[in-house]
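Visitor: I would like a close look at a single part of this structure. Please start with some background and then take me through that part slowly.

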Amino acid sequence: MIPKYQSLLMMELRAHAPTVLVSCFAMAFAGYLATFFDDASWRAAQAAGTTSPTFGPSAVLVVLATLPSIFVVVGVYALIDANEEALHYEVGVFASQGIDDTTVIDTWSALYGWLPVVAYLAGLLSYLAFTPGVVADLQGGLPDIISGLFFITGMATLIMIPLKLNRVLEMSPYSVVKG
Amino acid sequence: MARRRRPLRAVSLVFVGFVTLVLLSQLSAHYFAKAVPTNLVAKDEAVLASIRATSSNLALASAALGVVFAVAVLIITRQVVAADVDVYRATGLPETSTFLRLLRSHSVGPMAWVVAAAAVTSLVDVELGLSDLLPIGLAVVFAAILVGWLAFLTSVSFSHKSFEPGAERSG
């Protein structure tokens, strides 16, 4: 099963490389944006004479930091939605080759779910890496910020995208063949 | 009942999502600047200016990313929309009527969404004293890309020879 999954993953990655790249780039950007919001809030808090990085109405900061990734996940959802007809066709081809629906969903979830989530983490970390002083500034709150943002984005991505992919699978002619 | 086909539904999501993302980027600078007491603004002008600069750069980057996403979705859905153009053409409709029908069937939804998002965004911008030029500009660019793309697909289809047997085009 593993070699079949790996070869399917590589084949799909080559076939959908532009879509996957755009999704990953956008998620990395969302991660960068989220860390910037946190850093900016800390700097503003410091300027205002408070010490907590989550100053003022912290709900506003949480919303600001999490919304970019939510919008990008909606964008990835839109890309899958636009690709729906091609994916229906692919399911038919995979079914004719004896590939089961779980393998197909796992492969697509890896491409449109896990890879963008990893790209998001890379975006989060790249702001820290390329902006001097951020790690020192956010030191205390950094693990919470990174893990919180990563958890929320990961949950949103890995719920919304597989749901959409399952729907694509169910709506494809493959479901007729299966029945 | 057959599901109504809306190949450009995804475009609406992208339009709304990225116009709002631009607004979010603008709002960040506003909220953080507001958090600094008035008597400290002059002292911390450098910090606030740096936040404002990064925030406006990221708003621009959000807009650019939105355009990339919108173009990607339009390219992905090309075949579905082109098939509609071919069907209109096969029924004998002239190019202008085909284009108008395409506009009516494929662009009303996305346009309505982008206009709504731009209206809400500019209202927020005006209320908070921010520049509404970027979200409105992005909405106009989105609309222009959509209309231009539909015009392009129509003209490409009509530039081919007829469907009759022996003609150059087979599909």
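Guide: Of the 179 residues in chain A, 43% are buried in this predicted model. Chain A has eight helices and zero strands, and along the sequence its pattern reads α-α-α-α-α-α-α-α. Among contacts in chain A between residues at least 6 apart in sequence, 87% join residues at least 24 apart.

Chain A also touches chain B, and the contact takes 31 residues from chain A and 33 residues from chain B. On the side of chain A, α2 (17-47) and α3 (58-82) each supply at least two residues. The largest share of that side, 13 residues, comes from α2(A). Sorted by class, the side of chain A that touches chain B has 22 nonpolar, six polar and three charged residues.

Now the close look, at a pair of helices in chain B. Two packed helices are described by the angle between their axes and the distance between the axes. Helix α1 (residues 9-35) and helix α5 (residues 95-128) of chain B pack at an angle of about 10°, and their axes are 8 Å apart. Angles under 35 degrees count as roughly parallel, so α1(B) and α5(B) are roughly parallel to each other. The residues that α1(B) brings to this contact include Phe15(B), Val16(B), Val19(B) and Leu23(B). Those from α5(B) include Trp113(B), Val114(B), Ala117(B) and Val124(B). Arg9(B) in α1(B) and Asp125(B) in α5(B) are also among the residues of the contact. By class, the residues where α1(B) meets α5(B) divide into twelve nonpolar, six polar and two charged.

Key
Residues are numbered from 1 along each chain as its sequence is written. Chains are lettered from A and ligands numbered from 1 in the order in which they are written. This is a predicted model: local features need pLDDT of at least 70, side-chain atom pairs count only at pLDDT 80 or more; totals for chains, interfaces and linings use all residues. Axes are lines fitted to C-alpha atoms, for helices over the stretch in contact, and angles run from 0 to 180 degrees between N-to-C directions. Helices (H or I, at least four residues) and strands (E, at least two) are DSSP runs, numbered from the N terminus. Angles under 35 degrees count as roughly parallel, over 145 as roughly antiparallel, 65 to 115 as roughly perpendicular and the rest as oblique. Two residues are in contact if their C-beta atoms, placed from the backbone, lie within 7 Å. Ala, Val, Leu, Ile, Met, Phe, Trp, Tyr, Cys and Pro count as nonpolar, Asp, Glu, Lys and Arg as charged, and the others, Gly among them, as polar. A residue is buried if 20 or more other C-beta atoms lie within 10 Å of its own, exposed if 12 or fewer, and partly exposed in between; C-beta atoms are placed from the backbone.
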